[in-house]
Amino acid sequence: MNYRIQEVGKKIDVPVSTIRYWQKEFSEYVSPLKTDGGQRRYSEQDLFTLTRIKEMLYLNNKTIEQARILLCNGNSDIGKIDWTTQTILVTGGTGSFGKHFCRIMNDKYKPKVIRIYSRDELKQHEMRQEFGDERLRYFLGDVRDLERLKRAMVGVDIVIHAAALKQVPACEYNPFEAVKTNIIGAQNIINAAIDSGVKKVVALSTDKAVNPVNLYGATKLCSDKIFINGNSYAGEKGTRFSCVRYGNVIGSRGSVIPLFREQQKKGEITITDERMTRFWISLDEAVNLVMDGLSHMQGGEIFVPRIPSMKIIDLARAVAPDCRIKTIGIRPGEKLHEALITVEDGRNTVKYNGMYIVMPQYEWWERKNYINATKLPEGFSYTSDNNKEWMSVDDLRMVISAN
Ligand SMILES: NC(=O)c1ccc[n+]([C@@H]2O[C@H](COP(=O)([O-])OP(=O)(O)OC[C@H]3O[C@@H](n4cnc5c(N)ncnc54)[C@H](OP(=O)(O)O)[C@@H]3O)[C@@H](O)[C@H]2O)c1
């Protein structure tokens, strides 16, 4: 649909003279067609861009120059997000991460609305009872269902994509299901977000996606690649996609601690290999990383937190100091050590405020945010065994008892 300048003025509530001025100042971004009679006709995209310009100049007090940079960066903001104006969709909102994210957002940041998107009505019902907050809205839906996602994303500013099948053995045994949820689901999120004019999307990745040895990791690697390259599909809509990547989350559903606690009752704990190491992150830190990613993203980055490592045997000792520990051998699809950044990605990684940021390698990409970040030495990689920070048995005991 095409609009006359007067119609645009009415729609966005700005005088025609201002629209003419903005058109001159932002000529690369607003380009109405001309009729044979020389009259200008504005497209939906022009309308969308002019609305963003108005928002930046009038609501966010940006200068024309700053607004130009923001338009050039797609939808990335430099600096803080005003959460109170944001409508957020969290896929997998009833999971360990999703619930914690909602708790922190509601307590601290007070967003306009958070939409929870997941399949199981019981988990949503229980969450509704537990949270009782009217800012939270519950959408039943599957990430495999593009139409439903599009509906759920109407009017959404930010999407956090946390829905996934994440149990390694379940993904091995049901490979097509893992592909449908973790890969096709990712593709659907990208298409729905672009079509719905979402500004920013952050997808949750995992250390298992780095040099994957199991199907879960392989599907998450595909998902990461799909999100990073989703930026090239966004075109004029300007939707921006980035990932955050971290390792084991303390106390999340299906983590090793509940298993150790169960085994403790029988007096014997099984570990696969005494040398095994893992990264370790709390849910608070995972949520903070997502918030940092959202504030700093230009699109195409993978944000990785600088977190400690631990030895699995130390964790077993911390959970059950009096138990026998039996070594049962490494399982198929399991690694001795996990990696968050490979040497290849390390070349394109910078260190910034408690994070590593793996930057994309698009030809047109230029770093505009996190300008003070430092480059890493040649050969840098980040693995759970070459980490400089470690959790001792005592540290682990303290963290476990607090969770
Ligand atoms: N936990 C960790 O240690 C860890 C570490 C690194 C990265 N991550 C990543 O972090 C994300 C969140 O993990 P989590 O620990 O919060 O997982 P979780 O507790 O298992 O929660 C998964 C969520 O996804 C939803 N879900 C699953 N399949 C879905 C589908 N097809 N459509 C819509 N929703 C679906 C689930 O609800 P329904 O079953 O009701 O649909 C649930 O709300 C995942 O992407 C995971 O790969 C986790």
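Predicted model: local features only at pLDDT ≥ 70, side-chain atom pairs only at ≥ 80, totals over all residues.
Where in H9 is the kink centred?

First, the whole chain. The secondary structure comes to 15 helices and 19 strands. The C-alpha trace spans about 85 × 50 × 40 Å along its principal axes. The radius of gyration is 23 Å, and that agrees with a compact globule, because 403 residues packed that way would give a value near 22 Å. Buried residues account for 38% of the 403. And if you take contacts between residues at least 6 apart in sequence, 76% of them join residues at least 24 apart.

Okay, back to H9. The helix covers residues 175-196, so to speak our 22-residue stretch. The kink is centred on Gly185, and the bend there is about 35 degrees. End to end, from first C-alpha to last, H9 reaches 30 Å, which is close to the 32 Å expected at 1.5 Å a residue. Gly185 itself is buried, and other buried residues in H9 include Thr181, Asn182, Ala186, Asn188 and Ile189.

Now over to strand S17, residues 355-358. Which of its residues point which way? Met355 and Ile357 go one way, Tyr356 and Val358 go the other, and all of them are buried.

Strand S12, residues 302-305, runs antiparallel to S17, joined by 4 bridges, and Val304 has Tyr356 as its bridge partner. Strand S16, residues 349-352, also pairs with S17 in the antiparallel sense, over 4 bridges. There, Thr349 stands opposite Val358. S16 and S17 form a hairpin with 2 residues between the strands, and Asn353 has a positive phi near 40 degrees.

Last stop: an open sheet of 3 strands, ordered S9-S11-S13, with mixed pairing. S9 (248-249) and S13 (309-311) are the edge strands, each pairing on one side only. S11, residues 277-281, pairs with S13 in the antiparallel sense over 3 bridges, and Thr277 has Lys311 in S13 as its bridge partner. Helix H13, residues 312-319, packs on this sheet and touches both S11 and S13. Its direction makes about 75 degrees with that of S13.

Terms used
Residues numbered from 1 in each chain as written. Expected span 1.5 Å × (residues − 1). Bend = angle between axes of the 7 residues up to and from the residue. Buried ≥ 20, exposed ≤ 12 C-beta atoms within 10 Å, placed from the backbone. Pairing = 2+ DSSP bridges. Contact = placed C-beta atoms within 7 Å. Axes fitted to C-alpha atoms, helices over the stretch in contact; angles between N-to-C directions. Rg over C-alpha atoms; globule rule 2.2 N^0.38 Å.
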